[in-house]
Amino acid sequence: MNALIDVLKRKKEALALGGGIDKIQKHKKKGKLTAWERIHYLLDVDREFIEIGIFAGDGMYEEEGGCPNAGVVCVLGYVKDRQCVIVSNDATVKAGAWFPISCKKNLRAQEIAMENHIPIIYLVDSAGVFLPMQDEIFPDKEHFGRIFRNNAHMSAIGIPQISAIMGSCVAGGAYLPIMSDYAFIVEGTGSVFLAGPYLVKSSIGESVDAETLGGASTHSEISGVTDNKYPTDEACLDAIKGVMDKLGYPPKANFNRKEAKNPNPSAKRIIDILPLDRTKPYDMGQIINALVDEGTFEEYKKDYGKTIICGLARIEGWAVGIVANQREVVKAKKIGGAIEMQMGGVIYSDSADKSARFIMNCNQQSIPLVFLQDVTGFMVGSRSEQGGIIKDGAKMVNAMANSVVPKFTFIVGNSYGAGNYAMCGKAYDPRLIYAWPTAKMGVMSGAAAGKTLLQIQEAALKNRGVNITEQEESALLKSIEDKYNEQLSPYYAASRLWVDGIIHPDETRKVINLGIHAANHAPIEKRYNVGVLQT
């Protein structure tokens, strides 16, 4: 486990370097702060923050030289005691150009601001769309244009947007800062135009330099496109702080919070509880005990549906409802006194039924939900099918999917198949979703998938009249499993933004605290309604 934590630490340190030390030195010679320096200059000192979308783009676009951290840093933190989202382009990565994953990450940052009704700050320093991949960035619903649609929608519902043009801001990207409530620009380095000097020359034959075309003086003194110009990055960021310091306070959701307590000091450390072998059992109750404020956990239906643990608790003082997969083998009483042994990490009819009822209770009582996933899926077989496992699973999914309270999901271990869905995977709008280094995400486990895919490939070979030896079969199985297991990695998931990042288990309380604090800015206005519920 310590080895996994060390890998996480090293990968995070590498990401902080963006495009590399050489690129950072060239960037700073222009008098510019780096993406992270800008963020740290804005953030309140000694206040917690979390990074959103860390590892996005990890291992992707290698033929193009890579795009570490999607070329943009996003955080949820505090500026002048106001919680907000900050989006900072990293110009040391391909001059801040937008790859497909960059677009997806920016949209995720906007989504978090919109869902929680909190301000968003854009620190713009980008060369625009990465042209060799424009077909994957430009025209579709969730592509580049969606960002400006979100600008307009956020403005309409009163979410503050503040932009600083601190480098290039080209073509369609020019609309991002100008559709914000405030648009500031840095003299000498900031520029914003729909077409740069080269395109203007080739299009209409006009020769014009970048400063005259779209520099700070042009847009602050002549066009009025930007509000004010500033001599340095620091001065521009100070102006943003000044605006944040004067924002009004919107109504809140008023989620229940009392004074925070630390977890039980006698609780085991999380990294000492989790086995590295994802097939081995462990007691999820011990994980919960290590996460919640001491003495606050009240388990719901403790002796029923025991492969899922449900209960009310407090985390950093916030009232929460916890839904967690139990990984121990449990005994379930059945009609006539029979005892059924149930496998840990599997959702049975009784546990799905219990979870659905608990989720509905939390929605009725305005209690945010926390899901701890270590699930291999729903129980299969004739006995389960005849017992209505699909119906009971559908009830749980319905109750969870229609939730109006904020949901927060953590991938502790396995996250396979429909279990991922029922336990509030990314498709079900968790406000935040993070993975631990022990996480694995896929349709099924590597071993199960390997055997299934092997059977399919063997059948295809036989149809072509090809028979393989046992040795060839073993080699083929290993090849299939190696590729599939690579895709189960939490870093594979994080690189594609299936999760908001990978965290040390000890950071879980911080994420929940910051997440509920953000969600508390958005009053619940929608009535909870599950529609036609399977019973």
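Glutamate 507 counts as partly exposed at 21% relative accessibility, where partly exposed means lying between buried (under 20% relative accessible area) and exposed (over 50%), judged with a 1.4 Å probe and protein chains only. Its side chain meets that of lysine 510 in a salt bridge (3.6 Å, N to O), a term for a side-chain nitrogen of Lys or Arg within 4 Å of a carboxyl oxygen of Asp or Glu. This is a predicted model, in which local features need pLDDT of at least 70 and side-chain atom pairs count only at pLDDT 80 or more, while totals for chains, interfaces and linings use all residues. Residues are numbered from 1 along each chain as its sequence is written, and side-chain values use heavy atoms, with hydrogens and water left out.

**Salt bridges**

- By this rule the count comes to 22 salt bridges, and lysine 510, the partner of glutamate 507, is partly exposed with a relative accessible area of 21%.
- Aspartate 233 and arginine 38 form a salt bridge through their side chains (3.0 Å, N to O); because aspartate 233 lies in helix α10 (residues 233-244) and arginine 38 in helix α3 (residues 35-42), the pair ties together parts that are 195 residues apart in sequence.
- Helices here are DSSP runs (H or I, at least four residues), as are strands (E, at least two), and both are numbered from the N terminus.
- Aspartate 233 and arginine 38 are both buried, and they belong to a network of salt bridges that also links Lys32 and Asp125.
- The side chains of aspartate 500 and arginine 108 also meet in a salt bridge (2.8 Å, N to O), and since aspartate 500 lies in the loop between α19 (490-495) and α20 (508-519) while arginine 108 lies in helix α4 (residues 100-116), this pair ties together parts that are 392 residues apart in sequence.
- Aspartate 500 is buried, with a relative accessible area of 0%, and arginine 108 is buried as well, with 5%.

**Leucine 488**

- Leucine 488 is found in helix α18 (residues 470-488) and is buried, with a relative accessible area of 2%.
- The C-alpha atoms of leucine 488 and glycine 442 are separated by 5.7 Å, although the two are 46 residues apart along the chain.
- Leaving aside neighbours within four places in sequence, leucine 488 has contacts (heavy atoms within 4.5 Å) that include Tyr416, Met441 and Gly442.

**Strand β18**

- From strand β18 (residues 432-435), Leu432 and Tyr434 point one way and Ile433 and Ala435 the other way, and all are buried.
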